[in-house]
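Reader: Before we discuss details, could you show me the sequence and the structure that we shall be reading together?

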Amino acid sequence: MKAWFSRHRRGAAGVVFLALLLSAAYYFGGGAPGLRGWSASAPQAASSVQSETGDSSAQAASSSAASSSAASSSAVPAASSSASSQPAEKADESGPAASAKKTAAARPGGTRGGMTASEKTAAAKEIAGGNGSSAGVEQGDAAYSEKQGMKLDASTGKDQYQTAPVPEGKPVPVEPQDAVITDRECTCTFSISCAAINDNLSWLDPDKKELVPADGWLLKPTQVTFYEGESVFNVLLRTCKQQGIHMEYKNTPIYNSAYIEGIGNLYEFDCGELSGWMYEVNDWFPNYGCSRYQLQDGDSVSFVYTCDLGVDVGGYSAAAGG
Amino acid sequence: MRNRDAFSGCHPAVSFLYFGLVLIFSMIFMHPVCLAISLLSAFAYSILLNGARAVRFNFLGLLPMMLLAAFINPAFSHEGETILTYLPSGNPLTLESIVYGFAAAAMLAGVICWFSCYNAVMTSDKFVYLFGRVIPALSLVLSMTLRFVPKFKAQIRTVSGAQRCVGRDVSDGGILQRARHGMTILSILVTWSMENAIETADSMRSRGYGLPGRTAFSIYRFERRDRRMLLALLACGGYLAAGAAMGGLRWRYYPTIRGAGANGFSVSLYAAYLALCLLPVFLDLREARQWRLAQNAEGGSHA
């Protein structure tokens, strides 16, 4: 043994060094299960009582709650894999047996950057129960969209900024560079809510817990003045400045729109891999960016934080596909 | 070669452990007090080691780089509770992102400064002494790589001097000719460095480097001073690692600046970190004083 070791010392040292290096890379690189480390560090399991109260407060608070509860009740309970996390589904399997491990595993993608885009859409599909979009999310109508002036590419069925046709009766995107802003003052109702986080508090980045209000409102529905021709993004930017609410965005040229990364220091991916901000106008989640949505007088705009790619707020679209 | 300071005379294992601990802690601890301790100690030790050259490098090289790094962060990161003003793009400029920019810059400058100390203390013979037996090929390659830049610079001077004698230096002729001369010098240097690497490798092989059973001459002895230093390093390092694991040095910059402050446990950790970082400086001052005392005693006996 000793002779063997002295003969192969170099090789053995190399193997040990390599193993240490790889395990360190694995440990710190986030490939390990759980947030970081060998075992999933289980956040406190949200008890069923907690999630029910969270759900009811969300119903009271969010204007989209009706469609949200419809979505979760229509979800097929058979989606019992690790990705199931809807309050409604949790209720029928959240005995003590559905242990903390389940909740930890249910946080979609343990760490930042842990999932690819296709994995995310697959996970959202599973959470939604596999039967397509949220209630209220309609199919796009190509004929209607083209009549409204949308130029669709025949081969992909989308316009030049990757946008699929809009449903009948909904406004088509207006490019911000073409928008004509007049002096006419209009008003709309504007609100920002992160109520969905309260249902999944155990997923949230612990440093950010203090940022989430108990009722979820970052900005309660408020009458906001804007000028005719302005987009949802213009109004968001101005309102956040006026109200002193933090907001960060990034321009995404391929979608010709601003992408809202975070509002009130709550950023995308802060509450699981499928989390981020969505916007809703008159109870419809547009399938294009907020810089391209031209507001009309009397519209009702709300920005909502989702933890499940839109399933929990009723804006999940099976067709979107990232 | 004469030692630059007392710590350079310690056993290579002690020096290596010291730099390992200090570099790892400098990179991990983002607590502002720790960053300040690390940066100031690194400045102090580099000045002790390299004198005026280090002063020039630290203040003309590192400080501007720090400022640049500190101002780049708020241009890209807009997170934070305290909104100071708005950038032209419409994104907020936050206090937290500025503070984090300074912290990251201090970390960067501290680590670079520690590496300049490392290069002065851990000469390549020490490195090869430590790792030549365990990983011979890698340690030879590493020491050759680390030697490469200073050697290349010295060779540039030689070649350029020789070329100047025949009127073909980069300082001779019009702009086009200068460029051509520069290319010639560069080509000479690349050829030389490749040949030199092969020669070094051949010469090490012909000496039997890396063969089993080969012994190596070294003049490093593990003395009582080294044992004391090792114990001090292990005690400080262990206490700091345990304290950091228990959250005594916790600090966060986003979304609000918050962290362990001035409670007794944290202050003891700062003290341990300061002691660890300044260990070589203490050793040097202590030995200088002993030397002075010894000389005085000698002088006194003569009088």
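Reader: What length does helix H8 of chain B reach from its first C-alpha to its last, and what is expected at 1.5 Å a residue?

Author: This is a predicted model, in which local features need pLDDT of at least 70 and side-chain atom pairs count only at pLDDT 80 or more, while totals for chains, interfaces and linings use all residues. Residues are numbered from 1 along each chain as its sequence is written, with chains lettered from A and ligands numbered from 1 in the order in which they are written. Helices are DSSP runs of H or I with at least four residues, strands are runs of E with at least two, and both are numbered from the N terminus. The expected span is 1.5 Å times one less than the number of residues. H8(B), residues 224-245, has 22 residues and reaches 31 Å, close to the expected 32 Å.

Reader: Which residues of H8(B) are buried?

Author: An α-helix has 3.6 residues a turn, so residues three or four places apart point the same way. A residue is buried if 20 or more other C-beta atoms, placed from the backbone, lie within 10 Å of its own, exposed if 12 or fewer, and partly exposed in between. In H8(B), the residues B:Met229, B:Cys236, B:Gly237 and B:Leu240 are buried. They cover an arc of only 95° around the axis, judged by the directions from the axis to the C-beta atoms, which puts them on the same side of H8(B). The face turned away from that buried side carries exposed residues, including B:Arg224, B:Leu231 and B:Ala245.

Reader: How do strands E1 and E2 of chain B run?

Author: Strands of a sheet pair through backbone hydrogen bonds, either parallel or antiparallel. Two strands pair if DSSP finds at least two bridges between them. Three bridges join E1(B) to E2(B), which run antiparallel, and B:Ile83 stands opposite B:Thr94 in E2(B).
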